[in-house]
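I opened this entry to record what I looked up in the structure, element by element. My notes follow in the order in which I worked.

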Amino acid sequence: MVPSERSSNEGGLVRNQQTLASTVTCSGVGLHSGQSASITLRPAPPNTGIVFVNRSSDVDAYLPVSIEHKIPTELCTAIKGNGFQVQTIEHLLAALSGMDIDNAFIEVTATEVPVMDGSAAPFVRLIQSAGIVSQERKRSFLKIMAPIEITDGSKRVRIEPSPTPRITYSIHYDHPLIKTQTYDYDCSVGTFENEIAEARTFGFLQEVQALWARGLGKGGTLDNTVVLSGDGIVNQSGLRFDDEFVRHKILDLIGDFSLLGMPFIGHIVADRSGHALHTRLVQQILSQPDKWVLLNVETSEVAVHASPYSTPRQPAVALQAS
Ligand SMILES: [Zn+2]
């Protein structure tokens with residue numbers, strides 16, 4: 001059985017699940033493929049989670065956002081299964097997570113989510129234009145009870161018990177605009193919208209040129225990537241925040257943690273981390289069920305109310321263990 005407990009009001013986090021009030025679409029190009037792509041966000045029933053839908057084939061194929069579908073990629077986060085794959089999902093997933101959307105279908109027409117301006121802000125505006133509605137089921141949380149840490153040389157990411165969800169991220173680069181940047185994020189919709197969502201992806205000029213030479217980053221432009229030169233940035237428009245770089249790393253982590261399948265309650269501390277370590281931590285959490293509990297799970301009701309395309313709102317390991 002899944003370890004679970006019910007709480008009267010765990011740090012004020014108990015609330016109903018949420019989905020979109022209406023259907024919305026946006027279009028752009030994929031950062032890595034350069035392909036034009038559009039996504040359509042649709043409301044989904046309670047306990048569905050976030051599910052990609054491939055509508056480019058004759059029969060719709062469904063791919064739930066889950067760590068079990070993650071595939072190795074160099075520069076972005078991608079999932080694959082049920083006959084299709086989709087990459088660069090992290091900024092869209094960050095927007096859905098940051099805006100407290102529990103259930104949504106994401107229809108895709110290409111193998112990559114459009115990069116838009118390189119941040120999550122266009123997706124936040126899209127979600128706001130759709131509207132957000134409360135649903136008749138309680139939201140579940142994975143609450144961390146003991147620390148779990150991953151290291152890889154000087155890179156490190158750790159999650160430890162905390163009464164509320166929180167992320168502290170540090171990056172270090174030998175560049176005058178970055179040096180050491182640390183940001184402490186108390187997860188909330190308002191803070192996400194105002195402090196995190198606008199932060200854009202970034203790269204160093206030499207790396208960007210090397211990527212282009214390898215045929216990668218085909219959709220990358222100064223309109224969707226902050227490009228660092230030797231002592232400044234190439235973009236004429238300047239930075240949105242002095243510490244935009246570390247804020248974007250938090251944005252990426254929020255998106256990557258969507259692969260957990262439900263919101264967490266704990267404190268993530270990351271130092272020089274990235275997509276690979278973020279997703280390894282998700283895997284480690286799910287493989288160590290003695291270090292967390294599920295809160296507010298309405299287990300008996302999941303099967304009754306789930307749609308044919310939905311997945312129960314439990315982590316993959318819990319499903320295997322039951
Ligand atoms: Zn990113």
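I counted two strands as paired if DSSP finds at least two bridges between them. Helices (H or I, at least four residues) and strands (E, at least two) are DSSP runs, numbered from the N terminus. The model is predicted, and local features need pLDDT of at least 70, side-chain atom pairs count only at pLDDT 80 or more, while totals for chains, interfaces and linings use all residues. Residues are numbered from 1 along each chain as its sequence is written.

**Entry 1: overview.** I noted eight helices and 21 strands in the protein. I then looked up burial, where a residue is buried if 20 or more other C-beta atoms lie within 10 Å of its own, exposed if 12 or fewer, and partly exposed in between, with C-beta atoms placed from the backbone. Buried residues account for 44% of the 322 residues. For contacts I required C-beta atoms, placed from the backbone, to lie within 7 Å. Of the contacts between residues at least 6 apart in sequence, 75% join residues at least 24 apart.

**Entry 2: strand E5.** I found that Phe52 stands opposite Ile106 in E10. E5 and E10 run parallel and are joined by five bridges. On E6 (residues 61-64), I found an antiparallel pairing with E5 through four bridges, in which Asn54 stands opposite Ala61. E5 and E6 form a hairpin, with six residues between them. Four of the five residues of E5 are buried.

**Entry 3: the sheet E7-E8-E9.** I recorded an open sheet of three strands in the order E7-E8-E9, with antiparallel pairing. E7 (70-71) and E9 (84-87) are at the edges with a single partner strand each, so one side of each has no neighbour in the sheet. E8 (residues 78-81) pairs with E9 over four bridges, and Ala78 is opposite Gln87.

**Entry 4: helix H1.** All nine of the nine residues of H1 (residues 90-98) are buried. Their packing partners include strand E4 (36-43), strand E5 (50-54), strand E10 (104-108) and helix H3 (189-196). After H1 comes Asp100, whose phi is positive, near 60 degrees.

I next asked at what angle H1 and H5 pack. The angle is about 80 degrees, and the axes are 7 Å apart; axes are lines fitted to C-alpha atoms, for helices over the stretch in contact, and angles run from 0 to 180 degrees between N-to-C directions. H1 is therefore roughly perpendicular to H5, a class that covers 65 to 115 degrees, whereas angles under 35 count as roughly parallel, over 145 as roughly antiparallel and the rest as oblique. Among the residues making this contact are Leu93 and Ala94 of H1 and Leu251 and Ile254 of H5.

**Entry 5: helix H2.** Seven of the 10 residues of H2 are buried, so this helix is largely enclosed by the rest of the structure. The buried ones include Phe123, Val124 and Ile127. They pack against H1 and H3, as well as strands including E2 (16-20) and E11 (132-138). Gly131 follows H2, with a positive phi near 90 degrees.

**Entry 6: the core.** I took a nonpolar core as a set of buried Ala, Val, Leu, Ile, Met, Phe, Trp, Tyr and Cys residues joined through C-beta atoms within 7 Å. The largest has 81 residues, and Ala95, Ala104 and Ile127 are among those with the most contacts inside it. Domain 1 (16-140 + 298-320) and domain 2 (141-295) both contribute residues, so this core lies between them; the domain bounds come from an automatic or database domain assignment. Among the residues that Ala104 touches, not counting those up to four places away in sequence, are Leu20, Leu41, Ile50 and Leu96.

Terms used
Contact = placed C-beta atoms within 7 Å.
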